[in-house]
Protein chains: 4
Amino acid sequence: MGKILILYHSATGNTAKMATLVVEGAESIAGMEVRVRDVEAATAEDVHWCDGLAVGSPTNMGILSWKMKRFWDDVMAPHWMKVDGKIACAFSSSGGWGGGNELACQSILTVLMNFGFLVFGVTDYAAKLMTLHYGAVAAREPRSDDVQDACRTLGRRLAEWVAVYVDGRGEEHPLCKTRMGAE
Amino acid sequence: MGKILILYHSATGNTAKMATLVVEGAESIAGMEVRVRDVEAATAEDVHWCDGLAVGSPTNMGILSWKMKRFWDDVMAPHWMKVDGKIACAFSSSGGWGGGNELACQSILTVLMNFGFLVFGVTDYAAKLMTLHYGAVAAREPRSDDVQDACRTLGRRLAEWVAVYVDGRGEEHPLCKTRMGAE
Amino acid sequence: MGKILILYHSATGNTAKMATLVVEGAESIAGMEVRVRDVEAATAEDVHWCDGLAVGSPTNMGILSWKMKRFWDDVMAPHWMKVDGKIACAFSSSGGWGGGNELACQSILTVLMNFGFLVFGVTDYAAKLMTLHYGAVAAREPRSDDVQDACRTLGRRLAEWVAVYVDGRGEEHPLCKTRMGAE
Amino acid sequence: MGKILILYHSATGNTAKMATLVVEGAESIAGMEVRVRDVEAATAEDVHWCDGLAVGSPTNMGILSWKMKRFWDDVMAPHWMKVDGKIACAFSSSGGWGGGNELACQSILTVLMNFGFLVFGVTDYAAKLMTLHYGAVAAREPRSDDVQDACRTLGRRLAEWVAVYVDGRGEEHPLCKTRMGAE
């Protein structure tokens, strides 16, 4: 049974709302155990526990927040080289489009790669003008259907890769599913 | 008189439309000479000529297009270390939000920094949910008012920095203008 | 049997030498089929064929070369959404330390993520002052032992992840090997 | 008289040593007032005061440290849109080459761009295999001559751009100096 961690920091509640949607997406794949953690309450054990993780942060000055960074710098540093090979992705909410949410996702992925994780984005479009090639992004609250779908798609894809690569369930590979053609 | 180059590559016409809007913004500052060049027709002389430049490219696979890259790799390489200190910025259109337009701007800025340019983004918001902190971005065609205003704001800010730093017109500094408070 | 593609572009021969070392590393894991391709001769079939791939490029102006970019923009674009889920990494040689080889690796990884690949770096150190957290890097020719070992480590780790995740050979997980403790 | 701020965070002392060298470089240009601040003691007034700034941080998990990030997220956030247009650059020490020091510089520059600063790297080589195209970088302590020279070159270039663009001293433009040819 695949284990998924959704780890987030939220200052205004927007990233927390994204986290809830990512959870929905992850739970849409059968056989996944999903754990959600606010970064203020998360522990190294949560990271050790999971097979795959999605990390969300507000976009603060174009990169992840200092509180999310502190978790990896301080809490996780002693566990470096002990958690390699997990599957990981990112999500972030900025003050506006063009405000750095993609760059914030990239900064999260940089941190996650440093821990030896395999990181990914999603090729699929959630709507005609909305995708998540480097993680799910929002401008402030994830209110519109397209942004909400992007968040769910991120969680679903994370669960799919964990199903395929950790649980050996090849039939969950996105390229093997009929919905692929429709998306 | 400040000299501004708008250099772009466009495959579908979307980035070309952004370029036109960036030109409008640059021309909104008095005393600027503005030159527009499609990358297929641009020469090293265009870059030598300008004091400031905005470089636009479609977002292709998350970074600038190979044709825009080729310009800097091939046409400009012999001029490396001969054009340091120009003021520069970026713009890009991707297939959707979350599709890499911020990362494409970052990749353009990386190339421009390599040439010793001073690169910038814009703090101002063009609309409630639209800004251009790392360059002006669009999802496909720059059709909505907010995206169009972001493009114009980029060109205007470029012209302002050239006015302030190259032409010594301190009164054009964004922080000295009354409109700053209103934006 | 895991299939590994080493795809590179080299202008001066330095990145080609890195590619040879990455191949050595990949072949150090039993049961891997390794294919090497110069980007000028590579085809979309090579990418379809592999389970995992390492992509190398000279650092040109801080990002991958236009010729490597063209491969993904032109040759691979029609195959986008048909190759998701491969495991991928990067290597690059720049003119000097601080010259952009890490950023060039990041730009390669950005392109690879766009195709839906799972990308990784390596936590291990190849020598006291040499690691490859975002891909293997060199300043000009990969001449010193530490740089050469970093290249081999990249190939070996790529083969290990393919062994673990594609071939289901859990004993190849870096955290399961006794050598992990010694490195 | 140009005002230069060297702002740094250092956990092991390595980045602090880099800061000292950056200061030397800045002071090598006549007519500069240079202020050095540990991030734990720095205030928003320091940033308001300066015309140009160099920001240094350890490379922690591939990006700037959480303590340096906190300064910009918390201390400086109320001053956002009040400090646009300063000239800025970055430096960072990582555990090894390939360990993220370039990416850490990039993350610092991303934060600085968010504040509307004009950021730059340096085209010059400090030694045959050592440059600083995206900021000055070191692997652990800045002990070798080439790394030390790169740090000094960063400070000097920062002072030169401030001299040229803020103080109107065109003769300090790197391209106007005879030493340019020799480097």
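In chain A of this predicted model, helices H1(A) and H5(A) cross at about 45 degrees, and they are therefore oblique to each other.

- Two packed helices are described by the angle between their axes and the distance between the axes.
- Helix H1 covers residues 14–27 of chain A, helix H5 covers residues 145–165, and their axes lie 6 Å apart.
- The way H1(A) passes H5(A) is right-handed.
- On the H1(A) side, the residues that meet H5(A) include A:Met18, A:Leu21 and A:Val22; among their partners in H5(A) are A:Cys151, A:Leu154 and A:Leu158.
- Sorted by class, this contact holds nine nonpolar, four polar and three charged residues.

**Helices that cross in chain B**
- Here helix H1 (residues 14–27) and helix H5 (residues 145–165) of chain B have axes that come within 6 Å and cross at roughly 45 degrees.
- H1(B) and H5(B) are therefore oblique to each other, and their crossing is right-handed.
- B:Val22, B:Val23 and B:Glu24 are among the H1(B) residues in the contact, while H5(B) brings residues including B:Gln148, B:Arg152 and B:Ala159.

**The nonpolar core**
- In soluble globular proteins, nonpolar side chains tend to be buried together.
- Which residues touch the most other members of the largest nonpolar core? They are A:Val22, B:Val22, C:Val22 and D:Val22, in a core of 272 residues.
- Take C:Val22 as an example: beyond its neighbours within four places in sequence, C:Val22 contacts C:Ile6, C:Ala54, C:Phe91, C:Ala136, C:Cys151, C:Leu154 and C:Gly155.

**Where chains meet**
- Between chains C and A, 24 residues of chain C are in contact with 24 residues of chain A.
- Helix H4 (101–114), strand S5 (118–119), strand S6 (122–127) and helix H5 (145–165) of chain C each give two or more residues to the side that touches chain A.
- That side of chain C has 15 nonpolar residues, eight polar and one charged.

- D:Asn14 sits in helix H1 (residues 14–27) of chain D. Is D:Asn14 buried or exposed? D:Asn14 is buried, because 22 other C-beta atoms lie within 10 Å.
- Setting aside residues up to four places away in sequence, D:Asn14 touches D:Ser93, D:Ala138, D:Arg140, D:Glu141 and D:Pro142.
- D:Ser107 is 93 residues from D:Asn14 in sequence, and their C-alpha atoms are 19 Å apart.
- Most residues other than glycine have a negative phi, and most peptide bonds are trans.
- A:Met61 has a positive phi, near 60 degrees. A:Met61 belongs to the loop between strand S3 (52–58) and helix H3 (66–75) of chain A, and counts as buried because it has 24 C-beta neighbours inside 10 Å.
- B:Arg140 also has a positive phi near 60 degrees. B:Arg140 is in the loop between strand S8 (136–139) and H5 of chain B, and its 15 C-beta neighbours inside 10 Å make it partly exposed.

How values were computed
Residues are numbered from 1 along each chain as its sequence is written. Chains are lettered from A and ligands numbered from 1 in the order in which they are written. This is a predicted model: local features need pLDDT of at least 70, side-chain atom pairs count only at pLDDT 80 or more; totals for chains, interfaces and linings use all residues. A nonpolar core is a set of buried Ala, Val, Leu, Ile, Met, Phe, Trp, Tyr and Cys residues joined through C-beta atoms within 7 Å. A residue is buried if 20 or more other C-beta atoms lie within 10 Å of its own, exposed if 12 or fewer, and partly exposed in between; C-beta atoms are placed from the backbone. Two residues are in contact if their C-beta atoms, placed from the backbone, lie within 7 Å. Helices (H or I, at least four residues) and strands (E, at least two) are DSSP runs, numbered from the N terminus. Axes are lines fitted to C-alpha atoms, for helices over the stretch in contact, and angles run from 0 to 180 degrees between N-to-C directions. Angles under 35 degrees count as roughly parallel, over 145 as roughly antiparallel, 65 to 115 as roughly perpendicular and the rest as oblique. A crossing is left-handed if the near helix is turned anticlockwise from the far one by less than a right angle, and right-handed if clockwise. Ala, Val, Leu, Ile, Met, Phe, Trp, Tyr, Cys and Pro count as nonpolar, Asp, Glu, Lys and Arg as charged, and the others, Gly among them, as polar.
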